[in-house]
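Have a look at the structure first, then work through the points below.

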Amino acid sequence: MTHDDPNVIQPGRDPTTFTGAAISPGVGMGPAWLVVDLLKSAPDPVAIARDQIAGEWSRILTSFEQTRRELEDSALRIEEQFDATLAGIFRAHGMMLDGILSSGEIQRELESRVGAEAAARRVFRRLHERFMRFKGPTLQQRADDVADLGRRVLRHLRGVDGSSLEHIPAGNVLVVGRLLPSDVVPLSRRGVAAIVVGALAAGAHAALLAREKRIPVVAGPPEIVHRIRNQEELLVDGSRGTIVLSPDAETRRTFQARREAFDRAEVCRRGACREPAFTLDRELVTVEANLGAHDDVELAIDNGADGIGLFRIEQVYLARALPPSEDELFEELRALTAPLRGRPVTIRLLDVGGDKPMPFLPLPAEPNPSLGRRGVRLLLEYPQLVRTQLAALFRLAQEQDVRILVPMVTLEEDIREMRVLFDATRETFPGAKRPPFGAMIETPAAALGVATIARHVDFLSVGTNDLAQYTLAAGRDDPAVSHYYDDTHATVLRLLAIAITDAPGVPIALCGELAGREETMPQLLRLGFRSLSMAPGLIPGAKDLIRSVRLGERRAKPAVADDRGQ
Ligand code: PEP
Ligand code: MG
C-alpha cells in the first residue's frame, strides 16, 4: 500500500455527510490520506523512449535483488526464532522471484515502452489473476504470495521502505479499505487525526488498538473509501459515527466546538484519577491500563493507571519487518516500560493468528482462523519463540515488576506445557527473581475448566473480547454479526461468575473491553472482580464510578452458587 499523488480538490463541492459505525470515540479533522494497494491502483503509465529501456531494466534488476536480500534476511531470522520449515517458505519465494525475472515477461513489457513500475505491476498482476482463477487453498495461497512479492518489488522501485502508514503527515485523516492491527501499531494520536475505514467490527483488534491510542475511527459505509478524494478535507466524529466531506465553514465550526468539548470533558474527568479507587465500603479496586504502544505509557500514567494490566507483546512484533531477537525484545520492552517507575506491568506472550496476521510470518491460510492456531497453540508449536520471549521477560523482571501472561489457553495441557517452558527458562536464571506466571481465560472451555488451569499459575486474567466471540459464536472482526457480539450478554457474565468462583484464592483480573464499560462495572465488582484493565482514556471515569459503588454484603460466590443451583 502507498500514498497516491494528491488530486486537485474541486472548490465549492457540496458538503456530504455519511454515517457509519462509531468504532473509536473522539473528533478529528484534516485532509484525507488515501491508502491504496500498490498492486491494484496505478496512475496511467507514462511512455518511455527506447533509449530508456536499459535504465529501467537495471532498476528492475536492483529492485529484485533488494527483494531477494529482504527474503533471505527474513528466512534467517525466521529460522532462528521459529523453525527451518517456515524459513523455507521465504526461500521458495526467492525462487519464485527468479522464475518471474527469467520468464522474460518484464522485458517484453519494457519493450512496449512502459516504465519499470508499470511493467512489474502488469506482470505481477497477471500472475496473481492467473492463480486466482484456480480453486483450492494452495493456489489461492500462491496468489497471495505473488501479490506480496509484487508489492515488495514495487515498494523498492518506489523507494518506499516498510509500511507507508508510518509516513502519514501529522494531522491527516487515514482513509483505508481494510485496517489490520499491524497498520494501527505504528500510528499515534499525535500523528493521525482520525481513521475512516471501509469496514471494521468494534471487537476487532485493530479497533481496540485504535481506542487504546485514542484515535477516532468511523467504519463504513463501505462505499465511503471510493467517495473520498485524496487530500479532501474531512471531519470525523468517532463518537457518533459521522464523516463529513469537504465541509462548509459552519459545519467546520460545529465540529471544532465538538472536538474542544470532547477534549475538555477528558481533562475534567482526570481530577482524582491518580489516587487509588475504593468503593463506598472501602474495597480497593485496582484500575490498570491496556497499553497500545510506547507513547501511551505516559498517557496511561497521566490518566491514573495503577499499572499496566495488559501489554500485548505482538505490538512489538507487528511493528517490525522481522521478529525480534532476545536482546532486541529486551531492549525494546525495557525502553517501553521505563516510565512506569515501579508500577506493575503484565506482559502477554505473543497472541497471533485470528484477526492478527503477522506480516513477516508466512503461515498457511486456515479455513477458520479464529478457531485455528491462535495464541498458545502457535506458541507451543514454536518453542523457540517462547524461549526468546521468556528469556527477555525474565531479564526485564530483574528491573521491573513484570508479570507474564499466556494467551488463548483452552485446556489444562496448554498451560501445563507452557509451565514446563517457563520453569526451564527459570533454571537458566539461577537465583533470579521469578516473575508471576498467569493464564488468560478467554474461551468458554477455560472458564468452565478454570480450576484445572489455576493449578499451574499464580494469577488469571479474563479476556472478554474473545470470551464473547466464542460464547456467542460471533466473529469479533465480522461486522455482519456484530449484533450477536455482545460482551455484556448474560451468558458471558455467567461464565465470568464461574471463572471467579471455581478458582478460589487465585488472583483474577479482567482485561477485555468489558472492563471499561461503565454500565456493567458495578456488576463486575459484585461478582468479585477487584482488578480491571482498560483503555487509558477510560480510567478516570472508571475510578469515579468505583468510588460511587456500594458492594453491600457478600458478593460473587453465593450469588454464583445460587445461580448454578448449588
Ligand atoms: C480479550 O480477548 O479479551 C483480550 C484481552 O485479548 P485480545 O483482545 O488481545 O484478544
Ligand atoms: Mg483475546
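The radius of gyration used here is taken over C-alpha atoms, and the globule rule to set against it is 2.2 Å times the number of residues to the power 0.38. Keep in mind that this is a predicted model. For 566 residues, the rule puts a compact globule near 24 Å, and the chain comes out at 25 Å, so the two agree.

**Overall build**
- Along its principal axes, the C-alpha trace stretches about 85 × 65 × 45 Å.
- You'll find 22 helices and 18 strands in the chain.
- If you take the contacts with a separation of 6 or more, 71% of them are between residues 24 or more positions apart.

- Buried residues make up 54% of the 566 in the chain.
- The chain has an accessible surface of about 23,500 Å², and carbon and sulfur atoms account for 53% of that.

**Charges**
- There are 71 positive and 78 negative charges in the chain.

**Domains**
- Where domain 1 and domain 3 are in contact, 18 residues of domain 1 and 27 residues of domain 3 take part.

Technical notes:
Residues are numbered from 1 along each chain as its sequence is written. Chains are lettered from A and ligands numbered from 1 in the order in which they are written. This is a predicted model: local features need pLDDT of at least 70, side-chain atom pairs count only at pLDDT 80 or more; totals for chains, interfaces and linings use all residues. Side-chain values use heavy atoms; hydrogens and water are left out. Helices (H or I, at least four residues) and strands (E, at least two) are DSSP runs, numbered from the N terminus. Buried means under 20% relative accessible area, exposed over 50%, partly exposed in between (1.4 Å probe, protein chains only). Contact means heavy atoms within 4.5 Å. Accessible areas come from the Shrake-Rupley method with a 1.4 Å probe; for residues, only the protein chains shown count as cover. Lys and Arg count as positive and Asp and Glu as negative; His and the chain ends are not counted. The place of a charge is taken as NZ of Lys, CZ of Arg, CG of Asp or CD of Glu.
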